[in-house]
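Please look through the sequence and the model before reading on.

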Amino acid sequence: MWGADAWNKLLMTPFGYGGPGSRVLITTRSETVARNMKAAHCHHVDKLGREDAWSLLKNQVLTTEENGHEVDVLKEIGLQIVEKCDGLPLAIKVMGGLLCSKEKSRFAWEDVLNDDIWSVSPMSDELNYAIYLSYKDLPSCLKQCFLHFSLKPKKSVLSVRDIVSMWICEGLLQGGSTSLEEGKRNYKELILRNLTEIDPSFPSQLICNMHDVIRSFAQFMARDETLVVHNGDTTKENLKSSNFLRLSIETKGVGSDEFEWIYLREQKLLRSLILTGNLKSQPGDSSTIFPSLHLLHIDSANIAALVESMYQLKHLRYLALKRTDMCRLPENIHEMKFLQHISLDGCESFMKLPDSIIKLQGLRFLDMDDTRVSSIPRGFRALTNLSALFGFPAYIDGDWCSLEELGSLSQLNYLSLESLENVSSALLAAKARVNAKKNLTILGLKCGGREGDGLVQGGVSESKEEEQIIEAVFDVLCPQPCIEHIKIKRYFGGRLPGWMASTAMVPLESLKILVLEQLPCCTQLPDGLCRLPYLEWIKVDGAPVIKCVGPEFVQQYNQRHRPSSQLAATFPKLQKLDFHGMEEY
């Protein structure tokens with residue numbers, strides 16, 4: 001808890017109905033907050049002792065069991081380092097991330113121990129010296145990526161591709177065909193150095209957050225150019241006093257005021273603007289007040305009034321309008337020649353892409369998930385630089401199928417297809433050439449608009465012919481063995497696609513995530529998933545006619561009759577297994 005408002009204005013009343021003996025446990029960095037919440041008892045967490053602190057540092061530095069001895073001989077210097085971390089686990093963890101990048105030698109560790117930063121006085125205890133030392137050790141490019149990550153709203157879930165796209169579009173990475181891979185390396189390097197933390201709720205997806213103290217440190221370091229705020233009133237006051245290059249404003253939560261677009265009118269130097277929550281825009285409001293804007297990320301806000309002027313953001317590279325009331329993009333969007341990233345995820349009123357979007361030759365990322373887009377402009381195949389495409393609608397117009405437009409898009413890493421029930425034959429589906437996309441790592445296949453018509457809820461297809469067609473369509477949408485993440489939703493075939501039914505037929509050896517949702521007619525799960533070496537998460541939700549999860553789930557066909565001593569390890573990397581909505585199981 002960072003303040004008592006949330007308790008006093010919202011949480012206290014429902015928690016007041018707890019049964020006799022109930023307790024509420026809170027954590028806070030401020031004893032004043034605890035007092036204002038009328039805490040009955042305060043427990044102060046002690047700092048780590050020398051030996052515990054050394055053990056934590058050593059575990060951070062060890063990469064294999066074999067190099068334990070070469071770390072042990074450095075214990076004397078290590079104890080001096082953890083002493084300077086003042087027993088704070090976070091500081092020790094960050095220091096371990098720094099030492100991981102150094103040689104395991106007395107000279108390298110003494111160099112860290114004797115660094116001048118330990119004696120700098122103006123920094124507060126909260127912005128600990130150890131974090132600064134780790135920051136100072138970052139290469140220049142990685143420093144900028146680290147500082148930019150601190151703009152991410154705390155409650156937002158942003159993927160690796162979202163964050164890396166932001167870095168690319170802000171010019172923090174060198175341009176060119178390798179910038180995406182460079183960005184992913186930088187992202188993973190921040191994890192290795194313990195400057196960001198993986199959220200365990202998202203297995204194998206590298207969704208990351210930043211510890212509050214590290215976030216405060218990053219914002220302190222970028223304070224001359226960047227403002228990150230979580231309250232409308234505070235924002236208004238700060239915006240009056242300075243011009244910033246980057247703004248991140250989050251107005252969700254208790255006590256937050258509605259933030260008005262007009263408050264930004266003096267911020268003419270902005271390059272990045274991230275807005276989440278209660279944003280108020282009015283007719284006549286314009287986005288042209290930001291002539292240098294490269295990145296615009298707006299989530300859960302009402303911004304329809306800004307559409308008309310948006311095309312005038314000539315330098316914009318990143319445009320995310322997630323879960324907003326946006327119903328269209330400007331018809332002359334082709335004038336935004338530098339656009340690389342467009343996300344409309346969750347814009348439930350959005351219905352149609354402008355025809356001129358096919359002229360955006362630099363477009364790499366397009367997300368139409370959870371929108372009402374049901375058609376795409378002909379000539380979509382011209383967007384040959386696309387590496388990520390989500391929510392692409394399948395439909396037929398005469399003898400033309402929208403999936404034909406995907407055939408030449410060979411750079412795709414991520415692809416999700418919607419409304420596949422509209423495809424009338426496997427021959428048309430094959431024109432998407434999914435099996436030829438050698439870089440594809442994420443594939444989503446979804447039928448749509450079928451809840452309530454008897455297919456999803458009743459569990460039986462109205463037409464056997466319809467069922468056979470969808471089975472044939474899914475059969476030809478077979479990815480390469482490099483696929484890492486597969487999601488199938490609302491598939492009403494009686495069997496799984498042939499390439500998935502048995503991993504012996506198509507080796508999905510790189511697969512990490514398998515999600516199967518709303519499969520009303522499937523009677524069997526895939527064979528041999530247990531042998532996939534990297535599979536971390538399996539989710540099956542809404543498979544009402546699967547009656548049994550038998551040996552075929554944990555053994556490949558050719559191993560069912562072998563002695564147990566000859567069987568390989570089952571699910572060697574599995575972290576999470578979810579079964580929901582399996583009424584017959």
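The buried residues of helix α5 are covered by parts that include α3 (50-61), α6 (89-100) and α7 (106-113). Helices here are DSSP runs of H or I with at least four residues, strands are runs of E with at least two, and both are numbered from the N terminus. Covering is judged by contact, which means heavy atoms within 4.5 Å. Helix α5 spans residues 75-84, and its buried residues are Ile 77, Gly 78, Leu 79, Ile 81 and Val 82. A residue is called buried when its relative accessible area is under 20%, exposed when it is over 50%, and partly exposed in between, using a 1.4 Å probe and protein chains only. An α-helix has 3.6 residues a turn, so residues three or four places apart point the same way.

The model is predicted: local features need pLDDT of at least 70, side-chain atom pairs count only at pLDDT 80 or more, and totals for chains, interfaces and linings use all residues. Residues are numbered from 1 along each chain as its sequence is written, and side-chain values use heavy atoms, with hydrogens and water left out.

Helix α3, one of the parts covering α5, contains Glu 51. Glu 51 counts as partly exposed, because its relative accessibility is 46%. Along the chain, Glu 51 and Lys 75 are 24 residues apart, while their C-alpha atoms are separated by 10.0 Å.

Just after α5 comes Asp 86, which takes a positive phi of about 60°. Most residues other than glycine have a negative phi, and most peptide bonds are trans. With a relative accessible area of 14%, Arg 490 is buried.

Asp 370 comes up again among the contacts of Asp 345. Asp 345 lies in the loop between β10 (341-343) and β11, and it is buried, with a relative accessible area of 17%. Leaving out residues up to four places away in sequence, Asp 345 touches Leu 321, Lys 322, Arg 323, Asp 367, Asp 369 and Asp 370.

Next come the aromatic rings. Rings of Phe, Tyr and Trp (its six-membered ring) pair if their centres lie within 6.5 Å; planes under 30 degrees apart count as stacked, over 60 as edge-to-face and the rest as tilted. By this rule the model has 14 aromatic pairs. One of them is the stacked pair of Trp 7 and Phe 15, with 5.9 Å from centre to centre and 20° between the planes. Trp 7 is buried at a relative accessible area of 13%, whereas Phe 15 is partly exposed at 47%. The rings of Phe 390 and Tyr 414 are also stacked, because their centres are 6.2 Å apart and their planes are at 20°. Phe 390 lies in strand β12 (residues 388-393) and Tyr 414 in strand β15 (residues 414-418), so this pair ties together parts that are 24 residues apart in sequence. Phe 390 is buried at 6% relative accessibility, and Tyr 414 is buried at 10%. Elsewhere, Tyr 132, Tyr 135, Phe 146 and Phe 217 form one aromatic cluster.

Rings can also have a charge over them, which here means that NZ of Lys or CZ of Arg is within 6 Å of the ring centre and within 35 degrees of the ring normal. The charged end of Arg 223 sits over the ring of Phe 220, 4.1 Å from its centre. For Arg 317, the charged end sits over the ring of Phe 338, at 4.6 Å from the centre.

How many disulfides are there? A disulfide is a pair of cysteine sulfur atoms within 2.5 Å, and by this rule the count is zero. Cys 42 is partly exposed at 34% relative accessibility, whereas Cys 169 is buried at 2%.

Finally, Glu 266 is placed in the loop between β5 (259-260) and β6 (272-276). Glu 266 is partly exposed, with a relative accessible area of 49%. Glu 266 and Leu 239 are 27 residues apart in sequence, and 7.9 Å apart in space from C-alpha to C-alpha.
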